[in-house]
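Visitor: I have a model open and would like to go through it piece by piece. Can you take questions as they come?

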Amino acid sequence: MESQELKPYVIGLDLGGTNSVFGIVDSRGEIKATTAIKTQGYDNVYDYVDASVEAVHIIIEQVGGIDKIKAMGIGAPNGNFYKGTIEFAPNLSWGKSGIVPLAELFSKKLGIPVALTNDANAAAIGEMTYGVARGMKNFIVITLGTGVGSGIVVNGQLVYGSDGFAGELGHVVVRPSDGRSCGCGRNGCLEAYRSATGVARTAREFLVNSDEPSLLRNMKPEDITSLDVSIAAGKGDKLALDIYEFTGKLLGEACANFTAFSSPEAFIFFGGLTKAGDLLMDPLVKSYNEHVLKIYKDKAKFLISGLEGSSAAVLGASAVGWDITDTNK
């Protein structure tokens, strides 16, 4: 058995719908080197893995070569912890149509053990180990990025369910009648409204259905992003403020329903959309308090991840890598 001193690092991969961020992490949770590639734009998963390995080899050499790497952990959408697969991931061009054995593909290319979990579960592990959830045993991480993910911790353990797919709160139907189409193939999912792409869709709808003057009218509708909405709202643009009021209200309703399941001590929000700050959180908390059962009122905290960028997910993914090596000792 090789000592930890001989193999002091693991690779953590935060595989998002837009970007894939790699970090080399030591046992204390320090990220020693990072790199990133675009997640999309590949004809198939093999091309994606080849591009990933080419990029990650550069930072592997920075820490002394592959002989210093103990394992790799991956946080990915629709990731199955039990099987190491990505299954029917709607936001991945090379992963939406079937089951992709991603952990096995990376393991063969790199020659090291590889474990994989859902990306939001990885973020939850990162928050529990290094972030604002330290010391908590019951909390829900909700990731607001290209899609909406969730990592649910109950009594100090992640909820995986019987098949590894428990906790897909982004695909809880929040608008059952005439709901928006979702990438998963259904209609009315939370993700279709409360993701960064969902906010952009809301902006386009509001622009069509309202005569309200707005800075957003100076843009092509198809070019509008959630960042553009945040910038406009920060300048006092009423239509943009209404978009975030709508977004926060529905997310607050959803969290009120989620509380009935696990009574978390905190909801922790992670991802690009959290940069909107109070524009999102104020209507969210107000809506939550209006809709939550009285027995739960004023108990849950609403927190934004304190880990910068994708650090929570990278660190969480790396923790999965450490865990696989501990299990195999």
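Predicted model: local features only at pLDDT ≥ 70, side-chain atom pairs only at ≥ 80, totals over all residues.

Visitor: Start with helix 2. Which of its residues are buried?
Guide: Helix 2 spans residues 102-110, and L102, A103, L105, F106 and L110 are buried there. Seen down the helix axis, these buried residues fall within an arc of 165°, so they line one face of helix 2.

Visitor: What follows helix 2?
Guide: G111 does, with a positive phi near 75°.

Visitor: Moving on to N121. Where does it lie, and is N121 buried or exposed?
Guide: N121 lies in helix 3, residues 119-130. N121 is buried, at a relative accessible area of 2%.

Visitor: What is N121 in contact with, leaving aside neighbours within four places in sequence?
Guide: The contacts of N121 are then S150, G151, I152, L158 and Y160.

Visitor: Some of those are in strand 10, I think. How many residues of strand 10 are buried?
Guide: Strand 10 covers residues 148-154, and six of its seven residues are buried.

Visitor: How does strand 10 run against strand 9?
Guide: Strand 9 (residues 139-144) and strand 10 run antiparallel and are joined by six bridges. T143 stands opposite G149 of strand 10. The link between strand 9 and strand 10 is a hairpin through three residues.

Visitor: What about strand 11?
Guide: Strand 11 (residues 157-158) is joined to strand 10 by two bridges, and the two run antiparallel. L158 in strand 11 is the bridge partner of V153. The hairpin of strand 10 and strand 11 has two residues between the strands, and N155 takes a positive phi near 55° in that hairpin.

Visitor: Which way do strand 12 and strand 13 pair?
Guide: Strand 12 (residues 266-270) and strand 13 (residues 301-304) pair in the parallel sense, over four bridges. F269 has I304 in strand 13 as its bridge partner. From strand 12 the chain crosses through helix 8 (residues 278-291) to strand 13, a β-α-β crossover that is right-handed.

Visitor: Change of topic. How many salt bridges does the structure hold?
Guide: The structure holds eight salt bridges. One of them joins the side chains of K238 and D242, at 2.9 Å, N to O.

Visitor: How far apart are K238 and D242 in helix 7?
Guide: K238 and D242 are four residues apart in helix 7 (residues 238-262), so about one helical turn separates them. K238 is partly exposed, with a relative accessible area of 44%, and D242 is partly exposed as well, at 29%.

Visitor: Which residues are joined into a network by salt bridges that share partners?
Guide: D26, R28, E30 and K32 form one such network. The side chains of D26 and R28 meet at 3.5 Å, N to O, and those of D26 and K32 meet at 3.7 Å, N to O.

Technical notes. Residues numbered from 1 in each chain as written. Heavy atoms only, no water. Buried < 20%, exposed > 50% of the residue type's maximum accessible area, 1.4 Å probe, protein only. Arc of directions from axis to C-beta. Contact = heavy atoms within 4.5 Å. Pairing = 2+ DSSP bridges. Right-handed = clockwise from strand over helix to strand, strands pointing away. Salt bridge = Lys/Arg side-chain N within 4 Å of Asp/Glu carboxyl O.
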